[in-house]
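Let's walk through this structure together, one piece at a time. Have the sequence and the 3D view open, and follow along as we go.

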Amino acid sequence: MTDFSASVAMVPVLFQAACPECRARFELSAGALRLAIGASRRTTFYSFTCPECETAVRKPAGERIVELLTRGGVRTLRLHSTT
């Protein structure tokens with residue numbers, strides 16, 4: 001019996017992104033993104049730093065974006081309400 005799992009290399013997932021400040025378009029690895037999941041649409045977002053202008057970018061994340069980012073290995077923070 002042969003174990004193929006050791007010979008299969010993991011292909012890094014890249015996400016296409018754009019900076020609203022400098023309008024640059026680029027690809028980011030899962031490690032360059034952060035996902036925050038809150039109690040509502042308003043508190044669920046992803047963020048990254050633009051590699052071109054170094055602006056901190058925060059964008060809303062709907063259900064589909066959350067699914068894609070979590071499947072791609074993006075670190076996720078679950079926000080809890082204090083009420």
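**The cysteines, then the fold**

A search of the whole structure turns up zero disulfides, a disulfide being a pair of cysteine sulfur atoms within 2.5 Å. Take Cys50: it is in no disulfide, and the nearest cysteine sulfur, that of Cys22, is 3.8 Å away. Cys50 counts as buried, at 1% relative accessibility. (With a 1.4 Å probe and protein chains only, buried means under 20% relative accessible area, exposed means over 50%, and partly exposed is in between.) Cys53 is in no disulfide either, with the nearest cysteine sulfur, that of Cys19, 3.7 Å away. Cys53 is partly exposed, at a relative accessible area of 30%.

Before going further, a word on what you're looking at. This is a predicted model, in which local features need pLDDT of at least 70 and side-chain atom pairs count only at pLDDT 80 or more, while totals for chains, interfaces and linings use all residues. Residues are numbered from 1 along each chain as its sequence is written, and side-chain values use heavy atoms, with hydrogens and water left out.

How confident is the predictor, then, and what is the mean pLDDT of the protein? The mean is 88, and 84% of the residues reach 70 or more; pLDDT is the predictor's confidence in each residue, from 0 to 100. Over residues 1-5 the pLDDT is below 50, and beyond near neighbours in sequence this stretch has zero contacts in the model. Contact here means heavy atoms within 4.5 Å. Where pLDDT is low, the predicted coordinates should not be read in detail. Among the elements of the protein, strand 4 has the highest mean pLDDT (98) and strand 6 the lowest (94). Helices (H or I, at least four residues) and strands (E, at least two) are DSSP runs, numbered from the N terminus.

Four strands form an open sheet with mixed pairing, in the order 5-4-3-6; two strands pair if DSSP finds at least two bridges between them. At the edges sit strand 5 (56-60) and strand 6 (75-78), each pairing on one side only. From one strand to the next, the twist averages 25°. As background, strands of a sheet pair through backbone hydrogen bonds, either parallel or antiparallel.

Let's go across the sheet pair by pair. Strand 4 and strand 5 run antiparallel and are joined by five bridges, with Phe48 partnered by Val57 in strand 5. Strand 3 and strand 4 pair in the antiparallel sense over three bridges, and Arg34 stands opposite Ser47 in strand 4. Strand 3 (residues 34-37) and strand 6 run parallel, joined by four bridges. In strand 6, Arg75 is the bridge partner of Arg34, and Leu77 is the bridge partner of Ala36.

Helix 1 (residues 63-71) packs on this sheet, touching strand 3, strand 4 (45-49) and strand 6, and its direction makes about 130° with that of strand 3. For that angle, axes are lines fitted to C-alpha atoms, for helices over the stretch in contact, and angles run from 0 to 180 degrees between N-to-C directions.

Leaving aside neighbours within four places in sequence, Leu35 is in contact with a list of residues including Tyr46, Val66, Leu69, Val74 and Leu77.

Finally, look at the loops. Most residues other than glycine have a negative phi. Arg23, though not a glycine, has a positive phi of about 65°; its place is in the loop between strand 1 (14-18) and strand 2 (25-29), and Arg23 is exposed, with a relative accessible area of 69%. Glu54 also has a positive phi of about 65°, and is exposed at 65% relative accessible area. Glu54 lies in the turn of the hairpin that strand 4 and strand 5 form with six residues between them.
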